[in-house]
Amino acid sequence: MPDIMICAAAYALGVLVSSKVSLFYVLMYSVCMFIVGLIVNHFSKRKNSVLLIAIIVFAFGGVRYYQANSNRLYNALPDKYITLGGTVNSIPQKTDSGKYKYFLSAESAEYLGQTYKIRQEILLYLKEDVEYGDIISVKGFLDKLPEKMNQSDFDTAMYYKSKGIYNSLSADEMIKIGAKHSCSPVFLLGKLKSEIYKIIDANYTRDAGALLKAIIIGCKSDFSDDYYRLLLKTGMLRFLYAPFIHIYIIFFAIGLLSMLKKKVRDTLAVILLTMYALANSGSLIIAKAVIISLMLIAERRIFGYSSLLHTISAAVLVMLLINPLLCYNYGFVMSVVAALLLHLLYEPIEDKTKPLFEKLHIGRYLQRTLIVWVTITIGTLPLAAFYFNGISVYGIIFTLLAVPCIMIIILLSPILLAMLALFGRAPLIGDIVGFILYFIKNMPYVVHRLPGCYVMLKTPSILTIIDFYLSLWIFARWLKKRSDTGFTKILACALAGFIACGIMTYDFGALNIYFVNVGQGDGAVLHTARGETVLIDGGGAPVYKTYNVGEKIYVPYLIAHGFTDIDVAVVSHYHKDHVEGIIAAAENLKINTLIMPDSEKGGEYRTKLEEVARNKNIKIEYLRESDEIRFRSGMIMELLAPEEGMMKSNDLNTTSIVLHVKYGEFDALFTGDSPDNRISEYPKNVELLKVPHHGSKTSSSAEYVSWINPLFAVISVGKNNTYGLPKEEVLNRYRETGSQILRTDELGDIRFTVDKKNNIKYDSYMGVE
């Protein structure tokens, strides 16, 4: 293995480890390993300085992570109402709240009459529409980017940090001061993109225009929600990353000049790539591709040969030295892995499949396309599951059909845009581009109708990902006829060790109970050792918000954990913050039985659930008091409330289903938003209580808390919610009984693992209290 690759891997590992443990432990571990390395080197006949260098690089990766992750501006002015001055350096993106989202290159911050000189990118939310290059002054509260509190939630903070953005500001006031004028390639390209955006907006409808923006300027924020989901599910979205296509065109242009001398061609390539890199300095994919290409050219000119593995490793190391948080950017990670996979597997697969392709009379272009598609699709499968929880099996269709169409649009776009800007119409060219856009736009609809179009995948563990790539590495060495070497045997031993670790950490015979952080709402999942899955409520946004918690948080969480075939889904009552996620699960996943209270006949959410159930052939059960459901695993669910007389109540909280879950000696109580009536019919001294009504004082009276006396009291509640929940007096009652209080607004997702002997373990997304 090349030395530079070891250093790049050690540096990346140092960055990743530092996100889980403190810098002190990273440095202490590095010092201990360095001392061990020195001792081994001293007594060894064969000196190995590479290992010592790798340990130093590992420690440096940890240091760089903490440097890059520090937020100096927010630390100086946390949650302060400040005035920022700077330049808008992005085109507008419309958000669900109706505001526009921009990137602001902030140059000054004013607080309490004192002005600070800064240079920082800020995520800015404005009510007004401004243009790229506008110099503005805005007032608002400086805020950190929201932390990820749910395993399936998108890590917004880390994504923007990998782009150098650490803070956001939602502006209350905005004053436009002027417009920036600059001759820098970055600014001029940004201004050009802004003008292209406006031209497309004026001449094309929403999704067709959004498609053209994505192809030409890489803007993918203007698609309708339904079409964006379709692009994701069919796998076409990845083909709309303009940098990939642009790189192909540049090298195609250089290839046309192959009649020139090699030195002239290489010089031309360096000039074109450097100019393109400067113009697209915000693109990680472009930066990596350009660095690799320039290094390959330079290495070939200096040494007479080039090594792709050396070059990829060097390029990755350079980029991570500049910004170590790129380790958390899925686009960067997947592009690096894809490049390494092609280096590792392309040639041996080509050699093995060549006779088959010749026999089938398959052309060279199609042969290469198939090998690349199969290698990347299978090779990035665990990463696709880890980042996206799904994969499209028909990506080859887009590779063969969509990519050539996209390249044609890019080549015709200068003429098209010029004619639209000058004359407001583009005869013939506009018709050609319109026809190709129509073809590309409708391709996902056709693919989506094909069987097995989108395969949902459970989020794999880190051990599983390591096992996969070790297996792939061993397979590649077998293809190259190196399977009997010592290094291959070491890889095989490592693979066996990681598989053993995975088996040892698996909980056999356990019941897992998950409390999903759905914000201000309830959402729980029960999963038995026999594979049975029960949902109890699914969260939902407050009635005044359009954000669909079910589609955006609850269903992705279920898919990420592999809960796509659900035995029973329970709706405690028909309030949006409990029912929205169950509706989304019924629409997108397989549910066998739906249990609901027989209340509010004709109500909006009951009607919606019944309609979805009919369309999806889901059995509906309106259980009565004292009804039981028994599972093969031994888990029993008993309905304790509501009684028949409560069903006609106008207060839906009183109609909440209360479930007593029994698993051997373990007892849990799920209460919805139920009030405190009929306490004596509830079990005493339960191990786990889902605190009713999010910790509201309308429930959890002193008598109730004393009677239930839970060992663990879980409160599902939204962070900084407008209701002021949970109430302090309610918290005090649970504290007085000695209950351990666990809150989703503080801990994120919470998981309990229990067995029939009442052994209980729990953890949470944010760590154990």
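Guide: Start with Arg-743 and Asp-745: both are buried, where buried means under 20% relative accessible area, exposed over 50%, and partly exposed in between (1.4 Å probe, protein chains only). These two form a salt bridge, with the closest N and O atoms 2.7 Å apart. The term stands for a side-chain nitrogen of Lys or Arg within 4 Å of a carboxyl oxygen of Asp or Glu.

A word on the basis. This is a predicted model, in which local features need pLDDT of at least 70, side-chain atom pairs count only at pLDDT 80 or more, and totals for chains, interfaces and linings use all residues. Residues are numbered from 1 along each chain as its sequence is written, and side-chain values use heavy atoms, leaving out hydrogens and water.

Next, Glu-638 and Lys-662. Their side chains meet in a salt bridge at 3.5 Å, N to O. Glu-638 lies in strand 17 (residues 636-641) and Lys-662 in strand 18 (residues 658-663), so the pair ties together parts 24 residues apart in sequence. Strands here are DSSP runs (E, at least two residues), numbered from the N terminus. Glu-638 is buried, at 17% relative accessible area. Lys-662 is partly exposed, at 23%.

Then comes Lys-619, which forms a salt bridge with Glu-621; the closest N and O atoms are 3.1 Å apart. Lys-619 is partly exposed, with a relative accessible area of 49%. Glu-621 is partly exposed too, with 28%.

Shared partners also matter to the picture: salt bridges join Glu-131, Glu-195 and Lys-198 into one network. Over the whole structure, the search finds 22 salt bridges.

Methods
Helix = DSSP H or I, 4+ residues; strand = E, 2+ residues; numbered from the N terminus.
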